[in-house]
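Here is a protein to look at together.

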Amino acid sequence: MSTTLITGGTVVTATGRSEADVLIDGETIVGVLNPGSVLLGSDLASSVDHVIDAKGKYVIPGGVDAHTHMELPFGGTAASDTFETGTRAAAWGGTTTIIDFAVQTFGQKVMDGLAAWHAKAAGNCAIDYAFHQIIGEVNDDSLAAMKKLPDEGISSFKLFMAYPGVFMSDDAQIFKAMQVSADTGMMTMMHAENGPVIDVIVKQLLAQGKTDPYYHGVARAWQMEEEATHRAIMLANLTGAPLYVVHVSAKQAVEQLAAARDIGQNVFGETCPQYLYLSLEEQLGAESAEWGKFEGAKWVCSTPLRSKAEGHQHHMWQSLRTNDIQMVSTDHCPFCMKGQKDLGLGDFSKIPNGIGSVEHRMDLLYQGVVDGQISLERWVEITSTTPARMFGLYGKKGVIQPGADADIVIYDPQGHTSIGYGEGKTHHMNMDHSAWEGFEIDGHVDTVLSRGKVVIDNNEYLGAKGDGKFVKRGLSQYLI
Ligand code: URP
Ligand code: ZN
Ligand code: ZN
């Protein structure tokens, strides 16, 4: 086993910051020590195998992105990042664990869906990975199978109130699945949008000749997110299921979550970088020589981008400060413009939904620190510590303490990152564009360790396919 000392940096955790050295033995953190500590008469730096100088830099636990979709079949195509390309891009951006969604499609057995996801990921990942389970058909068979998921290290499942005929569960199905969630302690994750009403609006808009990508957001009005969020909360209240609402974008949906939390319900919410930085107005204004108004397809995702003028973005940052929203995931679901998004030329409803961001979450949220939106500690909390606690990984992931996996990012606050697709920019995701083109970050991911191995250093990838291992998860640590 080789030993490494990260020395001279400022260790930042969810609870504070201190000048400290971090000692790693093999894959594990074994000490957080006073700078310049002495062991058996000699200083540590001269007795370890490797020393990493982190002077002037932040030493933080690696990011945990609890919502990704590598290779997800969607809208007649599949998300363009494989587990290999997507996890490597994640590493570049300082994320050292992803939780991806295994899928049970309609008519499929849950355990077959899970096995298919293991087959896609095993031996291909650059960083550690875990799974949630999408339940695409709630029936007696899948309800029975769901009870066995915790034994497989899967402690959460996602249901959809949107996408009728594909993934959507009706209220009776949601109720039954939530009863399993209440019995087992598994977290119910909910895509909260009223799909049937949205589908009517989509048809009406298309009939009026409103086919541009912008109308995707018009069709998926915030009222349909608020209504579904409220319904999910009420069903969770009735069953006693813990509820985690994914990709929250509407301020009214946040208000529903906050009200439920205020009466003590186990209800949680995540937002994503796109709802903090991008808006429906920008999507409306998007136009390029290559794509014309179809340029806006780059930002078609569900829930959709919201109107900045209506204050959703502002409210989302505020909610991160007040803990009405507990964490930030990417909902990484990348599609290329050519051959994928362009399936929706002339009909916005055929544009595959999703944005690629797995590489940029840590940077984009760090910019929130620079801009005075969140504190340094809150940055670590919402990108690493809370995701680990929420989904049963904490102790190994999400923290710098003895016994934890040595998943560590050395972040340079004096560095700079130009996000985008072109020359001299960051971009390692398997996409032909960046949804984040032109974003400039006042900081930089310098070095990334994944279970003690340096996988990114000095703008170079040093890891290998298969470094990342499947991690079994326990129940959420936010439940009593
Ligand atoms: O647009 C999105 N969010 N695509 C991925 C699927 C989902 O609903 O999370
Ligand atoms: Zn969703
Ligand atoms: Zn998603």
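Y277 has a relative accessibility of 15%, so it counts as buried (buried means under 20% relative accessible area, exposed over 50%, and partly exposed in between, using a 1.4 Å probe and protein chains only). F439, at 21%, counts as partly exposed. This is a predicted model, in which local features need pLDDT of at least 70 and side-chain atom pairs count only at pLDDT 80 or more, while totals for chains, interfaces and linings use all residues. Side-chain values use heavy atoms, with hydrogens and water left out; residues are numbered from 1 along each chain as its sequence is written, and chains are lettered from A and ligands numbered from 1 in the order in which they are written.

**Rings that pair up**

What do you need to describe two rings side by side? A pair of aromatic rings is described by the distance of the centres and the angle of the planes. Here, rings of Phe, Tyr and Trp (its six-membered ring) pair if their centres lie within 6.5 Å; planes under 30 degrees apart count as stacked, over 60 as edge-to-face, and the rest as tilted. The structure holds 21 aromatic pairs, and here are two of them:

| Pair | Centre to centre | Angle between planes | Type |
|---|---|---|---|
| Y244 and F391 | 4.9 Å | 70° | edge-to-face |
| Y277 and F439 | 5.7 Å | 85° | edge-to-face |

Y244 sits in strand β17 (residues 243–245) and F391 in the loop between α14 (376–390) and β20 (408–412), so to speak a link between distant parts of the chain, 147 residues apart. Helices (H or I, at least four residues) and strands (E, at least two) are DSSP runs, numbered from the N terminus. Both Y244 and F391 are buried. As for the other pair, Y277 lies in helix α10 (residues 273–277) and F439 in the loop between β21 (417–418) and β22 (440–441), so this pair ties together parts that are 162 residues apart in sequence.

Ring pairs also link F74, F160, Y163, F167 and F335 into a cluster.

K158 lies over the face of F101, at 5.4 Å from the ring centre (a charge sits over a ring if NZ of Lys or CZ of Arg is within 6 Å of the ring centre and within 35 degrees of the ring normal). R389 lies over the face of Y394 too, at 5.9 Å from the ring centre.

Which residues coordinate the zinc ion (ligand 2)? They are K158 (NZ), H191 (ND1) and H247 (NE2), at 2.1 to 2.2 Å. Donors are N, O and S atoms within 2.8 Å of the metal (3.2 Å for Na, K and Ca), and water is not among the atoms, so sites may look incomplete. The zinc ion (ligand 3) is 4.0 Å from the zinc ion (ligand 2). K158 is in strand β15 (residues 156–160) and H247 in the loop between β17 and α9 (251–262), 89 residues apart. K158 is buried, with a relative accessible area of 1%, and H247 counts as buried at 1% as well.

**One methionine**

M362 belongs to helix α13 (residues 361–370) and is buried, at 2% relative accessibility. Leaving out residues up to four places away in sequence, M362 touches I60, G63, G93, G94, T95, W379 and T383, where contact means heavy atoms within 4.5 Å.
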